[in-house]
Amino acid sequence: MSLVQFVEQTLGTDNAHRYINQLLETVQERNPSEVEFHQAVREVLISLIPVLSQKPKYMEHAVLDRLVEPDRLISFRVPWTDDTGKIRVNRGYRVQFSNAIGPYKGGLRFHPSVNASIIKFLGFEQIFKNALTGQSIGGGKGGADFDPRGKSDLEIMRFCQSFMTELSKHIGPDTDVPAGDIGVGAREIGYMFGQYKKLVGAYEAGVLTGKGIGYGGSLGRKEATGYGAVYFVEEMLKSAGLGFNGSTVVVSGSGNVSIYAMEKAMQLGAKVVACSDSSGYIYHQAGINLDTIKRLKEVEYRRCQDYVLEHPDAVYVEGCSGIWTIACDIALPCATQNEINKLSAELLVRNGVKAVGEGANMPSTLEAIDVFLDNNVLFAPAKAANAGGVSVSALEMAQNSARLAWTMEEVDLKLQQIMHNIYSESLKASQDYGVPGNLVVGANIAGFVKVADAMIAQGV
Ligand code: NDP
């Protein structure tokens, strides 16, 4: 059942629908022009109508009125000096949305598109995703409108140090624990950790996750989001008698999530034929050579375009949305928000896609999700499918607290178990609340209930 049909079915049934409509209006009035935030709130709120109808206590305690307002949004100046000696200024953010079930937790994004709306949509979604993992972590997010592309290593270091000089006042191992996201990988986390350590004068390993293995990082964190998304999709495929083995897969992006989603899909027997960056995509009918992509992206910081220099039978096409015109069994959007619109979704369906797994955050528009659900495409929403990254971040925090390190096998087994649990809980919630198999609704409800019950227990 699509989200539109779902809303129509619940229309006028009770106070819950009226309450949600009013709340959505309030959110729009209070946060004018924050379109990404409105979109994320809308998707979550609509899907919670059945739980509010059955359990009006959540409305009586104004749980959602409280959740749509972050505990705080911090915005700050980040001055730094480029290699020519010129002083540059960017804007940094940290949103601390909810610490009802644990310290704020969520990544940092460095990308020119970053603004309050993007950070708030990501932080809001993080509340429910983190609850869904079953670990004690609240929701937060941060970043800056800094563009790491084309910057030298020293410029990146100076930026990270300046960013952390302010951020350090607001975070801590029991307060708020940032990690990576778009534009922030192990290198940036390393520079920020170095600066934090210097500022506080203590080795608080648990203040950041995604650290290098040699100084408190967890084995398997780098792989966790991509692997976790594939584990989740494999569970979903299994329920329909399908699997990755023998399938053709398209994965957008060529960053952290994308690379490890490709790796796990290949390990499970799939052929990945395309991936992309923000400039364009490559189509390699024989199957993407992941060693080349890893070297180009993780070591040499180069563009996808250069792949065809080494693989002349592959094709490079400018512009990234064209990647969804490629026929595939499974599509894994792993680049950025709203990269699949209604038209791209219709093309994927026409070309026979059987399953879509969101590795990125909110990569499908609400209209695109409806196209998938209306056409019985198996759909794994981001909140559930990409929760593997934050799950292993929480495992990194646990290892830091206990001052020990687990093996890759131990972490990977725990990740598989967590993804299995997230799938089962989301499926069960979708069944319990009358939309069997709709994992968008199921994941939102399963995450929400944990946070809402904790908020009620802790009072206003
Ligand atoms: P990376 O920076 O490692 O990679 C991002 C990839 O997406 C790059 O290939 C980048 O291309 C491409 N991209 C970025 N912006 C755009 C855009 N506007 N249009 C087209 N392509 C774009 O980031 P991650 O892999 O870490 O993150 C990808 C997604 O996954 C994000 O939505 C993030 O929020 C989500 N996510 C990440 C987690 C993690 O653990 N890292 C955890 C959960 C979710 P280019 O190099 O040209 O910029």
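## Touching the ligand

Start with Ser254: one of its backbone N or O atoms sits 2.9 Å from an oxygen atom of the ligand. Keep in mind as you look around that this is a predicted model.

In Asp181, a side-chain N or O atom is 2.6 Å from a ligand oxygen. Ser278 brings a polar side-chain atom to 2.5 Å from an oxygen atom of the ligand. How much of the ligand does the protein cover? On its own the ligand has 890 Å² of accessible area, and the protein covers 84% of that.

## Who's in the shell

The ligand is surrounded by 24 residues, and the closest are Asp181, Thr225, Ser278, Arg303 and Asn361.

## Where the ligand sits

Why does the ligand lie between domain 2 and domain 3? Both domain 2 (72–203) and domain 3 (222–385) give residues to the shell, so the ligand ends up between them.

## A look at Ile49

Let's move on to another residue. Ile49 belongs to helix 4, which runs over residues 49–54. Is Ile49 buried or exposed? Its relative accessible area is 1%, and a residue counts as buried under 20%, so Ile49 is buried.

Notes
Residues are numbered from 1 along each chain as its sequence is written. This is a predicted model: local features need pLDDT of at least 70, side-chain atom pairs count only at pLDDT 80 or more; totals for chains, interfaces and linings use all residues. Side-chain values use heavy atoms; hydrogens and water are left out. A residue is near a molecule or strand if one of its heavy atoms lies within 4 Å of it. A polar contact is a pair of N or O atoms within 3.5 Å; within protein, one must be able to donate a hydrogen and the other to accept it, and residues adjacent in sequence count only if both atoms are side-chain atoms. Accessible areas come from the Shrake-Rupley method with a 1.4 Å probe; for residues, only the protein chains shown count as cover. Domain bounds come from an automatic or database domain assignment. Helices (H or I, at least four residues) and strands (E, at least two) are DSSP runs, numbered from the N terminus. Buried means under 20% relative accessible area, exposed over 50%, partly exposed in between (1.4 Å probe, protein chains only).
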